[in-house]
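Hi,

Here is the structure for your set. Please look it over first; my notes follow below.

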Amino acid sequence: MCGIIGYTGINEAVKKVTKGLEILEYRGYDSVGICACSNGKLEIAKAKGRVSELKRILSGEPRENVLCAIGHTRWATHGAPSYVNAHPHRVGRTCLVHNGIIENYKEIKSRLEGEGVNFVSDTDTEVGCGLINYYYEKTKDPYNAILSASAEMKGSYALAIMLEDEENTIYAIRQGSPLIIAKGKDGFYLASDLTALIPFTKEYYSLNEGELVRLSKNEAIIYQGGEPEWKITDMSFEASKKGGYDHFMLKEMYEQPKAIKGSLTSRIVNGLPDFSSDGLDKSFFEKIKEIHIVACGSAMHAGLVAACLIEKSALVPTSVYIASEYRYNPPITREGTLVIVVSQSGETADSLASLRHAKERGLTTLGIVNAVETTIAREADFRAYTYAGPEIAVATTKGYATQVSLLGLFAICLAYNKGEIDEKNAKALTECLFFEAPAVMENVLIRRAQLKEIAKQIYERDDIFYIGRGIDYAMSQEASLKLKEISYIHSQAYAAGELKHGTISLIEDGTPVIAIATQEALFDKMDSNIKEVRARGAKTILICHEKMQNTEGCADIVFKLPKSSYLGNIFSSLMTVQLIAYETALLRECDIDKPKNLAKSVTVE
Ligand code: F6R
């Protein structure tokens, strides 16, 4: 949610910062801006819209000699997307970019206005800038000014700050929002996340909460003391490129089989699940009496699938909570409650707040995270990375698939360690997950043309329903979210038996109802539910297990999943609904990788 970047060094600061902004654009893309230090002056350029617009504005002006710049790509919170609200903001001799929210900006603003400070935008950021500048003018000490302002600002922020009095220098501080600094051969960088820095260097350091750093051409100094403990990432720049695909989302869907294997492989030893490399030994599993899975959006949907698997195989009561609810309406817990926080980005504000809340309550926490070294990964008592690689499309695909597969393996491990399944069974399930899940996904990918035909049947509709039971209902929720977020078609997921308790009144002639039916024992029930909506005019599309009989008369369109176990079905149905969403959005000519109003990493509440 908003991306910030900065560079100070020996050359081409504007070029580097705009390149980084292009990579960070998935964090927000309603306006963009840059501040460059040019001949001792701070110069700002900004635009409503995307980085391409900023590049157009910057083109034609020679900027090769600029050695220091900061940039921002915005996802609006305070104030509409506009030129005036775009970052960088400047007050007096201070200029900054910000990711996060300064919650008490109104009271700070009226106090500063009382002191004669003039604000032009609707943003909280400009107020933060005004506050730093206020203290700076009083003390002429940048550290003192930033720390005094920071002590007053409530909320979350990662700030990159330039002062007109200090040529080619960037100050940066984080509180609640992520911030990485990096060391290159050509100078020092900072960014909201590591992917934006990979084209320039692999040596990085994640700032800790409250840490204030000063970057100049030759050094990075942490105010609180100590040298940054530089680490080397193995992330490659290639991984964050489209690689010939039309969209990142498509590329990431194709990457899923490999990503699943990559997430599981190091956690299977002699055919059995083994999380000891994550610090989770037998006694860890034995102590678990109850599980809370806490997450947002698709990550929460991954939790819904996982809860079905955990309860089915390990018989451990498992509840799934939306992170923004968990924190303020905490459920009753007991000894032996494990809180699993699932997050692709590792920075989602509500998930992070829930994690902290659970820790305050003395509960054991486990983070299932994709982006390494992120706050959730660092703060959880235990962490297991999903190793999906960088996910650039705003709508998650491989992030979700790897969350489900890792949680699936966790469920098998828990069941085995609790003695609910024997070794033979545990090995068989592990084998299914490792071999079958990627294979059935490949199978569905080959049949993409069939799913395009389904998309042709639905793309002009205004409303669509997904229905399913049990684990298929959990998948329906992800299917529905994927469809609506990228195609902008209103879509809802319903437990198949629940539709007739009200919502069926919305079914009209031709309303698409997509039913997911992968469980043999529930085929007849699903068949009845499809008939109910069909009788009321729905266009029915059935995604079902190959064993389901007489499907021709059952629905208008039938897509049979490849033969597999119940674990494999999860992944084949997932690939199916993801491709339906993708093909539908394509037909509607939507901006698939950057859907309107969204951002990839939601670092505000
Ligand atoms: C939907 C999507 C979001 C995220 C949610 C949580 O496609 O990507 O719903 O799943 O914002 O994000 P993370 O997993 O980064 O915590």
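**Findings**

Of the 605 residues in the protein chain, 61% are buried (under 20% relative accessible area, with a 1.4 Å probe and protein chains only). This is a predicted model: local features need pLDDT of at least 70 and side-chain atom pairs 80 or more, while totals for chains, interfaces and linings use all residues. Numbering starts from 1 along each chain as its sequence is written, and side-chain values use heavy atoms, without hydrogens and water.

**Overall shape**

The C-alpha trace spans about 80 × 55 × 45 Å along its principal axes. The radius of gyration is 25 Å, which agrees with the value near 25 Å for a compact globule of 605 residues (taken over C-alpha atoms; the rule is 2.2 Å times the number of residues to the power 0.38). The chain exposes about 22,800 Å², 48% of it from carbon and sulfur atoms (Shrake-Rupley, 1.4 Å probe).

**Fold content**

There are 18 helices and 26 strands (DSSP runs: H or I of at least four residues, E of at least two). Of the contacts with a separation of 6 or more, 72% join residues 24 or more positions apart (contact: heavy atoms within 4.5 Å).

Helix α13 (residues 398–417) and helix α14 (residues 423–446) have axes that come within 9 Å and cross at roughly 170° (lines fitted to C-alpha atoms over the stretch in contact; angles run from 0 to 180 degrees between N-to-C directions). That makes α13 roughly antiparallel to α14 (over 145 degrees). Contact residues include Leu409 and Ile412 of α13 and Leu429 and Leu433 of α14.

Best wishes

Methods. Angles under 35 degrees count as roughly parallel, over 145 as roughly antiparallel, 65 to 115 as roughly perpendicular and the rest as oblique. Buried means under 20% relative accessible area, exposed over 50%, partly exposed in between (1.4 Å probe, protein chains only).
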